[in-house]
Amino acid sequence: MAHVAQISKKRKFVADGVFYAELNEYLTRELAEDGYAGVEVRVTPARTEIIIRATHTQNVLGEKGRRIRELTTLVQKRFKFAENAVELYAERVQNRGLCAIAQCESVKFKLLNGLAVRRACYGVVRFVMESGAKGCEVVVSGKLRAARAKAMKFGDGFMIHSGQPTRDFITTAVRHVLLRQGVLGIKVKIMLDTDPTGRQGPKNTLPDVVTILEPKEETRIEVPTAQEFGVPAAPAAAAPAEPVAAQ
């Protein structure tokens, strides 16, 4: 975010957080149908780069890059950036089956198109698990069929709920869908598997995973040997003195 005057560290972090939150909310509403899956802000000395992650990058760019230019102008004027000080890029999501935001939007549009809740959720859970996730959980709450509100939970695989690994391995997304009978809440949690490359998941493993190493090869003993540890070693014999030649 563009800052003209010197501000304290605390105010800067708050300002950056507000900027990210507002930008994320606007892009969520604007690019919901284009598979919006998050935004990343990189601040460089020359300019501020905003990378928009989406499943349909061509729709984000628009015809001949028209839409991305419109978004760039809008962000520049709203947050008072200088001319050419902010740049927007579109990045395609590598595996949308492991993106909680994309799958949450998928459930949302399925429900808006009139698909049954169970069918929509089970379809998403199966697609996520086939994409290589370790676990998946979809929760839909609200007035599903009767007048009484309730929550339905659909899950598969392995899911953890506490500790630091929940921050490292689990991606979460929440969306609200406005139907005729009221508002439904959708929550999607995807647990990623360990990936040494860091593309499909975190590089580190779960702390409770036990890795059994192969035993080392032992050297084969051909001749039996004996060694006494209690007996002190014999003193070395003194070398005989060489005779001195007579002068």
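This report walks through a sheet, the helices lying across it, and one threonine.

## Ground rules

What you're looking at is a predicted model, where local features need pLDDT of at least 70, side-chain atom pairs count only at pLDDT 80 or more, and totals for chains, interfaces and linings use all residues. Residues are numbered from 1 along each chain as its sequence is written, and side-chain values use heavy atoms, with hydrogens and water left out.

## The sheet

Let's start with the strands. Three of them make an open sheet with mixed pairing, in the order E1-E2-E3. Strands E1 (36–43) and E3 (86–92) sit at the edges, each pairing on one side only. On average, neighbouring strands here are turned by 20 degrees against each other, direction ignored. (Strands are DSSP runs of E, at least two residues; helices are runs of H or I, at least four; both are numbered from the N terminus. Two strands pair if DSSP finds at least two bridges between them.)

Strand E2 (residues 48–54) runs parallel to E3, and seven bridges join the two. Look for alanine 54: its bridge partner in E3 is arginine 92.

## Helices across the sheet

H1 lies across E1 and E2, at about 145 degrees to E1. Helix H3 (residues 66–78) lies across E2 and E3, at about 135 degrees to E3. These angles run from 0 to 180 degrees between N-to-C directions, using lines fitted to C-alpha atoms, for helices over the stretch in contact.

## Threonine 28

Now find threonine 28 in helix H1 (residues 9–30). Threonine 28 is buried, with a relative accessible area of 17%. (Buried means under 20%, exposed over 50%, and partly exposed in between, with a 1.4 Å probe and protein chains only.)

Leaving aside neighbours within four places in sequence, threonine 28 is in contact (heavy atoms within 4.5 Å) with Tyr36, Glu105 and Arg175.
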